[in-house]
Every structure is written in C-alpha cells, then in structure tokens.
Amino acid sequence: MNCKVCGNPVSDDAVFCTQCGSVIKNSDIAEESATVEEAPVAVEETPEPVEFASDDMAEETPVAVEETPEPVEFASDDIAEEAPVAVEETPEPVEFTSDDIAEEAPVTVEETPEPVEFASDDIAEEAPVTAVESPEPVIFTSDDYEKASYATAQKATAEKQQSEPAVSDSSSSAEKTDENNSGEKKSDAPAKLTGARIFGAVIISILAVIFLTGFNIIFSARIGLSGDIIENSAKNLRNETLLNYTIDGEKTVASAMYEGLDNSFCNQRGIAEKDFKAFLEKSDLNEFIAENLGKYSAYIVQGTEKRPPSVTAEDIVEFVKDNKKASEAEFGFVLKDGDYDRLGEAVVDNGMVEALSIEEWGYSAGFYVGNLRFAFSFITIGMIFALVIVLFIWIAIVLDKCGRCISGFFGAITLISGIILALPSGAFVLSASAIALHTGNAIVYVCSQVLMPMALIALCTGVFEIVVGVIFIICNRALKKKEAKTAK
C-alpha cells in the first residue's frame, strides 16, 4: 500500500504516512469520528487546540526537532501512529479531498518531545514539548493553501535578494577604493590644459587687468582727492610762483587778473599793475584758492556738498576786505564801501564768476559734473573690486584648478596692473615740479601740488601689486620645479 500524497510505501494498517505525515484513510476508521484534543504543553506560549470536522481527520504538520522522537504507542488495536520524523526541509504541499483542513505552523523546538499516549480511539494526546517560541496555530482552508505556498516562495526569494546586496556592496566599496587610489595617483601627475582653456584664461586675464587698474585709479582718487587733503595740499602753493606763471602761454596770472579789473576798478582808483601784483603776493591768496578747491573736491569726489559750489563776487570782495592791511600798504589808500561795490560789479562784468562756476563747467563739457561723485563713491569701488574677484575665480575654474597655471596667471595680472599704476604715478611724483618749472604754466603748477597725494597713494598701491605679482611668479616657478621632480 502506498501513500496517496507522496507515494511512499506504508503498511496496510498504518494510519499516518511516515514520510509526509498525511492521514491514511482506512475502512475500519473511515466511519468513525475522531476528536483530537491536544494536551497542555509546558512552553512559553501554548498553541490553541485544533478542532476537526466529524468526517475529517486532523493533521499536524511535521515539527522540526533536533533528535528523532521515540515511537508512539496507541491504545487502539487498529490504529498505530508513528511520531513525526525530524526533517530538514519543508514537506511538499499536501492536497486533501476534504473540505476543511486545519494545519498548524511549523514549530522549532530544542528538545525531543516525550511519547504521545491516546486515552481513546478518537482522542490523541501529545506529550508536552519544551520550545523556545511556539507561534499560534494557523488555520488554512483548501483555497488558501496555494496562497501559502506562493508566500513561502516569495519569502525565500526575498531572503536571497537580501543576501546578494552584501556581495554587491563589498564589490562597490572595492571599486570606490580603487577609484580613490587612482585619483590620488592622478593628482600627482601635472594637469594638462587644452589650448581653448588657455585662450579663455588669457581673455579673462585682460579683463581682470582692465578692471583692476580702474579699481586702483578710482580708489587712489577717492582717498587722495578728498576735500581736506586737497585743501591742505593747495596751501603749499607759493603766491609769487603762481602769479608769475602763465595761463595761456602769454599772460601771467597777475596780468590776467589786473586786465580783468582794469577799466572798471583799477584805472578809476589809479592802481598800477605792479602794485596790484604786490598786493596779491602779500595776501593769503593761496589759502583762498585752497578753501575753494576743497569745496569743489568735496562736491565732485566725495559728494558731501549738497549744492554745487562756486566763487561769487561776494567771495572776492570778502577776500579783499580780509587783506585790508596789504591793500593799504600797496595801494596807498584805504578802500571804502563804494570801492568794494565797484570791485564786485567789475568781477561780474568780466565773467570771472562764470569761469569759476561748476555749473558752467558742466554746460561747457556737455554733462553734469556733479554725477562724477557716483563714479568715486565707495559703492562703485566695492562693485569693481567684487568684479575683479569674480574674474579671478573664473580664471581658476577655466584653468581646472591647476595651481601652477593659476599662480602664473594671477602673477601676470597683478604685476601688469601694478606696473601700469606705478610707472605714471612715480613719474608724476618725481617730475611734476620740474615739469611745472619748465613749462611755467600755472595749471601745471597747481596740479603738481594738488594731485601729489593721489599720486603717492597710487604709487604705493602699484608697488604693492608688483610685490604680490612677484610672489605669485615665485610660487609658479616653485611648482614647476616640483612637477619636474615628480615627472622624473
């Protein structure tokens, strides 16, 4: 006789299959109804009893144990049951013809269960089993068995997939290690740049030189041409030298001023040209010029003056009144209020006020001179400096962060910009006075004194950039030597 489920040969009087544990239906017991009741088990979690229908036999799935259980003794004459055999793998699915099937999930135990004794023909009692964890029994129907088999297969597939990433992770980590090692080896080698990158860096460097030079000039002007500095510099003007220098190459400053007042004031009061020149030499003409130049500079460069300054007729009359002692000594008489009124009218009629007005300068130049203060503002200076920094960063990106190339380009930019700034400013500092003396021009003389602070600041800035450029070039040569040694 063979088992209908797994085909394993069994004895004729066997009730259970020793291979798969399936129930063997016997004619002697087919009509009997059996109620299997499981005795209490001394475990941490006791499984609930399994109830069977009257026409069906109870089946319990095999239990995975460490040792083979001892033989089972039956009280009935026609029923013999052999204890389940420990198997390593889960038995194949069992198909039943009955409508209801009760199945208990596999239980992993540590010790061998004691023999099971049945008190009657229809009651089977299993000896207590000591288990680590005993899950609750799962009741399946015939329709759910295929789903359970599919879930088991799916679980096995998931476990297999979980074991594979460990191998892949180890392989990926090994690949990353190889990449890092290769990256370290590559970093030792000198970077090779294409011609397109070099050309792009050259174009950006030209822009950097232009903007850096513009930044230096505007910064030097903003500091060196402030109102206070201009006023202090103009006070160094010598009245005798200024009055003897020419304006247009023909007339001296003293002659031009005398001719402007000749018809309306000087001739009427009988003032000679030499007396008028002597009066100006003894006056505080340099301080008067310095004060007004300071106001002009504060308006144009600093933007602190709200209204455009100008030298009015009242200012000139006040200047003559302040130098009353010098006028009495040179003119030989004391100027009265009527004389001061005629002096003011003469200044206006001869166009001296218009010639000294900033608004008139703007009309002649075709633009508003007051707008120059925006060009010299610290906001503009900060924006230009930020643009220079962006260009330097751009060069570093184009050169692919090659230290040797970056140091070379940075050194060239700062060196060229420093030379452009230092050469003319240094030449101005050294030769301004000599040029003014040689030309004898009053404007050149005034500029040589007034612009001297700005030239000194520009010279210091240019020398500083030259030093920075030389440092970059030294670093470039050191990196070249290091790369040459590495290549060997």
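**A loop and its setting**

A: Lys 401 is located in the loop that lies between α15 and α16. The model is a predicted one, and the description below should be read accordingly. The phi angle of Lys 401 is near 55°, which is a positive value in a residue other than glycine. With a relative accessible area of 72%, Lys 401 is exposed, because exposed means over 50%.

Asp 400 belongs to this loop as well, between α15 (378-398) and α16 (403-439). Asp 400 is not a glycine either, and it has a positive phi of about 60°. Its relative accessibility is 48%, so Asp 400 counts as partly exposed.

The setting of the loop may be considered next. The chain contains 18 helices and zero strands. Of its 488 residues, 35% are buried. Among the contacts between residues at least 6 apart in sequence, 71% join residues at least 24 apart.

When neighbours within four places in sequence are left aside, Thr 246 is in contact with Lys 251, Thr 252, Gly 440, Asn 441 and Ala 442.

Helix α7 (residues 273-282) contains Ala 278. Ala 278 is likewise buried, its relative accessible area being 17%. Ala 278 and Leu 243 are 35 residues apart along the chain, and their C-alpha atoms are separated by 9.8 Å.

Attention now turns to the aromatic residues. The whole structure contains ten aromatic pairs. In one of them, Phe 288 and Phe 319, the ring centres are 5.0 Å apart and the planes stand at 35°, so the pair is tilted. Phe 288 is in helix α8 (residues 285-302) and Phe 319 is in helix α9 (residues 313-322); at 31 residues apart, they link distant parts of the chain. Phe 319 has a relative accessible area of 8% and is buried, while Phe 288, at 19% relative accessibility, also counts as buried, because the limit for a buried residue is under 20%. Both rings belong to one aromatic cluster, formed by Phe 279, Phe 288, Phe 319, Phe 331 and Phe 333. A ring also takes part in another kind of arrangement: the charged end of Lys 321 sits over the ring of Tyr 340, at 5.1 Å from its centre.

Two packed helices are described by the angle between their axes and the distance between the axes. For helix α3 (residues 195-224) and helix α18 (residues 452-487), the angle is about 145° and the axes are 8 Å apart. The crossing of α3 and α18 is right-handed. On the side of α3, the contact is made by Leu 212, Asn 216, Ile 217, Ser 220, Ala 221, Ile 223 and Gly 224. On the side of α18, it is made by Pro 453, Met 454, Ile 457, Ala 458, Thr 461 and Glu 465. Across this contact of α3 with α18, eight residues are nonpolar, four are polar and one is charged.

Terms used. Residues numbered from 1 in each chain as written. Predicted model: local features only at pLDDT ≥ 70, side-chain atom pairs only at ≥ 80, totals over all residues. Heavy atoms only, no water. Axes fitted to C-alpha atoms, helices over the stretch in contact; angles between N-to-C directions. Helix = DSSP H or I, 4+ residues; strand = E, 2+ residues; numbered from the N terminus. Left-handed = near helix turned anticlockwise from the far one by under 90°. Contact = heavy atoms within 4.5 Å. Nonpolar A, V, L, I, M, F, W, Y, C, P; charged D, E, K, R; others polar. Phe/Tyr/Trp six-rings, centres within 6.5 Å; stacked < 30°, edge-to-face > 60°. Buried < 20%, exposed > 50% of the residue type's maximum accessible area, 1.4 Å probe, protein only. Lys NZ or Arg CZ within 6 Å of the ring centre and 35° of its normal.
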